[in-house]
Amino acid sequence: MSNAIHIIGGGMAGVEAAWACARAGVPAVIHEMRPKVGTFAHRTGDLAEMVCSNSFRSDDHEQNAVGLLHWEMRAAGSLVMEMAARHRLPAGGALAVDRDAFSRDVTAAIRSNPLISVVEGEMTTLPKDGSWIVATGPLTSGALAESIRAATGAEQLAFFDAIAPIVHADTIDMSVAWRQSRYDKGETEEERTAYINCPMTKEQYEAFIDAMLAAEKTEFHEGETAGYFDGCLPVEVMAERGRETLRFGPMKPVGLTNAHQPDVKPHAVVQLRRDNALGTLYNIVGFQTKMKYGAQTSVFKMIPGLENASFARLGGIHRNTFINSPTLLDSQMRLKAHPWLRFAGQITGVEGYVESAAMGMLAGRLAAAEARGEALPPVPATTAVGALVSHITGGADAKSFQPMNVNFGLFPPLPEARGGRRGRAERYKGYTDRAKADWSAWLSGMVARAAE
Ligand SMILES: Cc1cc2nc3c(=O)[nH]c(=O)nc-3n(C[C@H](O)[C@H](O)[C@H](O)COP(=O)(O)OP(=O)(O)OC[C@H]3O[C@@H](n4cnc5c(N)ncnc54)[C@H](O)[C@@H]3O)c2cc1C
């Protein structure tokens, strides 16, 4: 198998990458360290093990972005989606599965494919040539992580995420909030108005602190905190350290004038920063949190201007190895400095089983096309796969880059869409209809022909 694509890691991304190569007629070799070397979260030696929840989330491909991703993956012949359908359990609108049967059959399908072989054992260094896909996930082994760090630079590899909630920009009440950078800093008007600010009175601030302190929190998994550092303290832990800590930290009200009430000095200010080039998503600055999702929604909606906010993703802090993809990867998912290495899955800064599998599938297709001397055109950013890959390879702000779930805020807005809650169902249907047409065209090669 001298012309084979080698894949490090046989998780969600690795199996999809290998499957995509085999479907394209290109041999693939998966290098998987389990069961010889384990992690704190995996229990078995099977490929594509679901380490926590047994759900692939919503299967609604008309109104939900992850459901749309399921649809696109099925259309492309995804192994994960095929086996999920085979072992589906009743779960309302969600795609939940019997996890052991699912992983067992993924493993059997991979092992019986004549174009795929599996080599057991840990890879401890990045290879220097050939064609490789690194899909070692959030729990990449220490030795390989060191090698990745050496190849990418110490600043470009993280071992924990610190995710602040992300809000759909069009759901922020701008009759309460206003745009301004602290001290109006910046060369251009765009920079001087880069932040969205939400003001709080003393009473609102005190009630907000009380709610955060009382909120239910999630715990780290056993073994997850090794190497956890003070730099990504949850916002509620900052509040626990003193009721005024946040007012002297991310919520300090200095250098800002409320555009709606210039004479009233806010007691505290919550700032939101643009999260993507499209300007559709804003993250709440400094608000990484371990609060449970339900608690986050009610606590963060206490922030004036966010009462009706819709969250593209909620916050979290997890053990999570990921690279700064917007800086490091080209549009073909290759490391710019070492183009024989592609990255795929959660290590690229997507988050979740489905997103990781989808990025594995795409990396496999790209690597196989390259091996066959073909060049695939870019995946349209209007599709779920395309929106994700565009985000991680350039659309996201590299400075504040944190792992991302698929969501409609990543899609280029529809020019004719109606705003507000009432237009939402229509808008989401518009996104998914457009995505399905564009994905089908891309799969059939129509996009390539149109581009020629
Ligand atoms: C504790 C925990 C809980 C999670 N819960 C959920 C959840 O409920 N829902 C959800 O959608 N996502 C969850 N995730 C995220 C989930 O891991 C990913 O979404 C998904 O499994 C990532 O797919 P992947 O292929 O990138 O990585 P993985 O599925 O983790 O696969 C990576 C593979 O690489 C192997 N490997 C690592 N290093 C080496 C090496 N040096 N040499 C050879 N092989 C190596 C590993 O053994 C593993 O099999 C969770 C993650 C963690 C850590």
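The model being predicted, local features were kept at pLDDT of at least 70 and side-chain atom pairs at pLDDT 80 or more, while totals for chains, interfaces and linings use all residues. Residue numbers start from 1 along each chain, following the sequence as written. Helices (H or I, at least four residues) and strands (E, at least two) are DSSP runs, numbered from the N terminus.

The buried set includes Met 12, Glu 16 and Trp 19. Just after the helix comes Gly 25, with a positive phi of about 85°.

Two packed helices are described by the angle between their axes and the distance between the axes. For α1 and α11, the axes come within 7 Å and cross at roughly 35°; axes are lines fitted to C-alpha atoms, for helices over the stretch in contact, and angles run from 0 to 180 degrees between N-to-C directions. The crossing of α1 and α11 is right-handed, meaning that the near helix is turned clockwise from the far one by less than a right angle. Contributors to the contact include Ala 13, Ala 17 and Ala 20 of α1, along with Ala 357, Gly 360 and Gly 364 of α11. Contact, here and below, requires C-beta atoms, placed from the backbone, within 7 Å. By class, the contact of α1 with α11 has 14 nonpolar, four polar and two charged residues. In this scheme Ala, Val, Leu, Ile, Met, Phe, Trp, Tyr, Cys and Pro are nonpolar, Asp, Glu, Lys and Arg are charged, and the others, Gly among them, are polar.

The ligand has 35 residues around it, and Gly 9, Gly 11, Cys 52, Gly 137 and Gly 345 come nearest. A residue is near the molecule if its C-beta atom, placed from the backbone, lies within 6 Å of it. The shell splits into 14 nonpolar, 17 polar and four charged residues.

Helix α2 (residues 65-75) is also mostly covered, with nine of its 11 residues buried. Among them are Leu 68, Leu 69, His 70 and Trp 71. The buried residues of α2 pack against β3, α3 (79-86), β5 (94-97), α11, α12 (384-395) and α13 (424-443). Gly 77 follows α2 and has a positive phi near 85°.

Val 134, in strand β7 (residues 132-134), is buried because 29 other C-beta atoms lie within 10 Å. Leaving out residues up to four places away in sequence, Val 134 touches Ile 8, Leu 341, Phe 343 and Ile 347. Leu 335 belongs to strand β16 (residues 334-335) and is buried too, with 21 other C-beta atoms within 10 Å. Apart from neighbours within four places in sequence, Leu 335 is in contact with Leu 328, Leu 329, Leu 341 and Phe 343. Arg 182, 153 residues away from Leu 335 in sequence, is 36 Å from it, C-alpha to C-alpha.

Most residues other than glycine have a negative phi, and most peptide bonds are trans. Arg 34 and Pro 35, however, are joined by a cis peptide bond with omega of about 5°; Pro 35 lies in the loop between β2 and β3 (55-58). Tyr 183 is not a glycine, yet has a positive phi of about 55°. Asp 184 likewise has a positive phi, near 55°. Tyr 183 sits in the loop between β10 (178-179) and α6 (189-192), and the loop between β10 and α6 also holds Asp 184. Tyr 183 counts as exposed because it has 10 C-beta neighbours inside 10 Å, whereas Asp 184, with 13, counts as partly exposed.

Technical notes: Buried ≥ 20, exposed ≤ 12 C-beta atoms within 10 Å, placed from the backbone. Contact = placed C-beta atoms within 7 Å.
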